[in-house]
Amino acid sequence: MFFSPFISKPDSVAQIMLKVLLAMLPGIALYVWYFGPAILVSITLASITALGTEALMLKLRHRPIMPFLKDNSALLTAWLLALSIPPLAPWWMIVVGTAFAIAIAKHLYGGLGNNLFNPAMVGYAVLIISFPMQMTQWIAPHGLGQVELGFFDQLEYIFFSRLPNSVSLDAVTMATPLDTLKTHLHLDQSVPQILGMPIFGQLGGHGSEMVAWGFLFGGLYLLAARIISWHIPVAYLVTLFFIAAIFHLADPHHYAAPLFHWYSGAAILGAFFILTDPVSSPTTNKGKLIYAAGAALLTYLIRVFGGFPDGVAFATLLMNICVPLIVLYTQPKVFGKKDQGLDKKNKVVKP
C-alpha cells in the first residue's frame, strides 16, 4: 500500500549537479577509449583549480566555503571546460582558463545564480582568443596518428612540454574534423572528397562521433530524470539540422550534411550540457525555444562562414546576452491581471 503525502522532495543543487556530472561519464569514457587518458588529466587539473578558486573567492567575499564547494557547480564548470579544449593542452592553460571562468565569469557577477554568461564558455573563449596555437593541437584518435603516446608520455607533455625522442608534435596531433573540412574547402575540394579522408567516420569525425553518442546517451538520461526539459536540446538540434539541410540540398559539394554538424564538434555536448545551464538560459519554455534556435543558427554561421571551426561556445555566449530580453518578452501574464494602459478608445484601463 502507498500512503500520503505523494509529493516528493525536490533535488538539491548538489544532487542536480552530481547527476549532470554522472551523465557526462559515458562520453568521457568513450573519449578515453578513442583518444587516450590525457583528458582525465585535464579534468583533474580543471577540477582542482575550480575548487581552489571557488574557495578563494568565497573567502574574499566573506561567504561560507563548504556549502558552496559541496554544490558541485564548480566541478561542472571545470569538466565542461576541460572537455572543450585539447586534451594535450599545457597545464598552465587549463589552470588559467578554469580560474578565469570561476573568478571572473561566475563570482564577479555574484556567484552561482547571478552569472549572466556560462562560465565554462567564457573560459573557453578567453583561451582560444589568447592562445589560438595551443587550442588547435588536438590529439589524433587511435589508429590515425603517426605515433601514439602512452599515458606517461602524455603526462610529460602536459606538464613539461616534452615528447619522446624523435617524435614531433605533428605526429601525435591533427586538425579536428570541422577544421579539416573548412581548410580543404578553401582549397577548392568538394565535401564528398573531403569526407573520404581517414579522419572522418560514418557521421562525423573518426572517434569523435562515438564520443558524441556517449554525450547523447547522457543527455537522454537527463531528460528522463527531468533534470533538463526537452525545449533547448530539441530546438537546438532541430534548428541546426534544418539550416544545414537547406544549405546541403542547395549545394552538396560545398556544404556538409546535417548529421555531420550534429556529430562533429561540441553540438551534442552543447545541446544537452552547455546551453541547458539553468542560470544563463531562459526560464520560460517559449524563451528556451527561441534561445536554442538562435544558438543553433549562430553555431552554423560561425562554423561555415566564420573564422572558428566550431561555434558552440561563441553562439552560447552571444545568446546569453539576449536572455534577459528573451525572458522579458516571453514571460506569461499573471492569470486574472488586466493590462494597464490605454484601451481602443484611448481610455485609461484601471487595474
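This is a predicted model: local features need pLDDT of at least 70, side-chain atom pairs count only at pLDDT 80 or more; totals for chains, interfaces and linings use all residues.
Me: At what angle do helix 3 and helix 5 pack?
Reply: Helix 3 covers residues 38-60 and helix 5 covers residues 73-84. Their axes lie 8 Å apart, and the crossing is right-handed. The packing angle is about 145°.

Me: What is the volume of the largest pocket?
Reply: The largest pocket has 40 lining residues, and Ser84, Trp138, Thr176, Gly265 and Asp310 lie nearest its centre. By class, the lining holds 27 nonpolar, 10 polar and three charged residues. The space in this pocket is about 800 Å³.

Me: Which domains each give at least three residues to the lining of the largest pocket?
Reply: Among the elements that supply at least two lining residues each are helix 2 (25-35), strand 1 (138-139), helix 9 (177-185) and helix 16 (312-330). The domains asked for are domain 1 (11-174) and domain 2 (176-332).

Me: How many residues line the second largest pocket?
Reply: The second largest pocket has a volume of about 580 Å³. Helix 1 (13-23), helix 5, helix 7 and helix 14 each supply at least two residues of its lining. By class, the lining has 18 nonpolar, eight polar and four charged residues. The number of lining residues is 30.

How values were computed:
Residues are numbered from 1 along each chain as its sequence is written. Side-chain values use heavy atoms; hydrogens and water are left out. Axes are lines fitted to C-alpha atoms, for helices over the stretch in contact, and angles run from 0 to 180 degrees between N-to-C directions. Helices (H or I, at least four residues) and strands (E, at least two) are DSSP runs, numbered from the N terminus. A crossing is left-handed if the near helix is turned anticlockwise from the far one by less than a right angle, and right-handed if clockwise. On a 1 Å grid over the protein atoms alone, a cavity is a set of points where a 1.4 Å probe fits but cannot get out, and a pocket is an open set with protein on both sides within 12 Å along at least five of seven lines; lining residues have an atom within 4 Å of a point. Grid points are joined across faces, edges and corners, and a volume is the space filled by probe spheres set on the points. Ala, Val, Leu, Ile, Met, Phe, Trp, Tyr, Cys and Pro count as nonpolar, Asp, Glu, Lys and Arg as charged, and the others, Gly among them, as polar. Domain bounds come from an automatic or database domain assignment.
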